[in-house]
Amino acid sequence: MKLSKVSGCENDNCPAVYVSDAGTAVVQGFPVHMADGLVLGKGEAAVELPPEIVLASVEALQGAKK
């Protein structure tokens, strides 16, 4: 799988959003293991992202579709 970063910081150790060559989104963030209302299935993981990272990734993904 090849990834292209669409939002997040420039180093490798912080929240970010990537688009894969398969057209899927991959997120990198701070792990969330327990939170009220969070139910994870087998093999799933939850990460926390700041709103500005999410918004920037949506803008980048919309621009890529034009």
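Lys and Arg count here as positive and Asp and Glu as negative, with His and the chain ends left out. Each charge is placed at NZ of Lys, CZ of Arg, CG of Asp or CD of Glu. On that basis the protein chain has 5 positive and 8 negative side chains. The centres of the two sets lie 10 Å apart.

This is a predicted model, in which local features need pLDDT of at least 70, side-chain atom pairs count only at pLDDT 80 or more, and totals for chains, interfaces and linings use all residues. Residues are numbered from 1 along each chain as its sequence is written, and side-chain values use heavy atoms, without hydrogens and water.

## Overall build

The protein chain has 1 helix and 5 strands. Both kinds of element are DSSP runs, numbered from the N terminus: helices are H or I with at least four residues, strands are E with at least two. The order from the N terminus is β-β-β-β-β-α. Along its principal axes, the C-alpha trace spans about 40 × 25 × 20 Å.

The accessible surface comes to about 5200 Å². Carbon and sulfur atoms hold 57% of that surface. Areas come from the Shrake-Rupley method with a 1.4 Å probe; for residues, only the protein chains shown count as cover. Of the 66 residues, 15% count as buried. Buried means under 20% relative accessible area, exposed means over 50%, and partly exposed lies in between (1.4 Å probe, protein chains only).

Contact means heavy atoms within 4.5 Å. Among contacts with a separation of 6 or more, 23% join residues 24 or more positions apart.

## Strand pairing

Two strands pair if DSSP finds at least two bridges between them. S1 covers residues 3-8, and S2 covers residues 16-20. S1 and S2 run antiparallel and are joined by 5 bridges. Within this pair, Lys5 of the chain stands opposite Tyr18 in S2.

S2 also pairs with S3 (residues 25-28), again in the antiparallel sense, over 4 bridges. Val17 has Val27 in S3 as its bridge partner. Val19 has Ala25 in S3 as its bridge partner. The hairpin of S2 and S3 has 4 residues between the strands. Gly23 in that hairpin takes a positive phi near 85°.

How many of the 5 residues of S2 are buried? The count is 4, so S2 is largely enclosed by the rest of the structure.

In a regular strand the side chains alternate between the two faces of the sheet.

## Residues in detail

| Residue | Relative accessibility | Class |
|---|---|---|
| Leu3 | 35% | partly exposed |
| Ser7 | 6% | buried |
| Ser20 | 6% | buried |
| Ala60 | 27% | partly exposed |

The contact lists below leave out neighbours up to four places away in sequence.

Leu3 sits in S1. Leu3 touches Tyr18, Val19, Ser20 and Val26.

Ser20 is found in S2. Met1, Lys2 and Leu3 are in touch with Ser20. The side chain of Ser20 also makes a polar contact with the side chain of Thr24, at 2.6 Å. A polar contact is a pair of N or O atoms within 3.5 Å; within protein, one must be able to donate a hydrogen and the other to accept it, and residues adjacent in sequence count only if both atoms are side-chain atoms.

Ser7 belongs to S1. What does Ser7 contact? Its partners are Ala16, Val17, Ile53, Ala56 and Ser57. A polar atom of the Ser7 side chain lies 3.5 Å from the backbone nitrogen of Ser57.

Phe30 lies in S4 (residues 30-32). Phe30 is in contact with Pro15, Ala46, Val47 and Glu48.

## The helix and distances across the chain

H1 runs over residues 51-65, and Ala60 has its place there. Where does Ala60 stand relative to Val17? Their C-alpha atoms are separated by 10.0 Å, at 43 residues apart along the chain. Leu3 and Ala60 are 57 residues apart along the chain, and 14 Å separates their C-alpha atoms. For Phe30 and Glu59, the sequence separation is 29 residues and the C-alpha to C-alpha distance is 22 Å.
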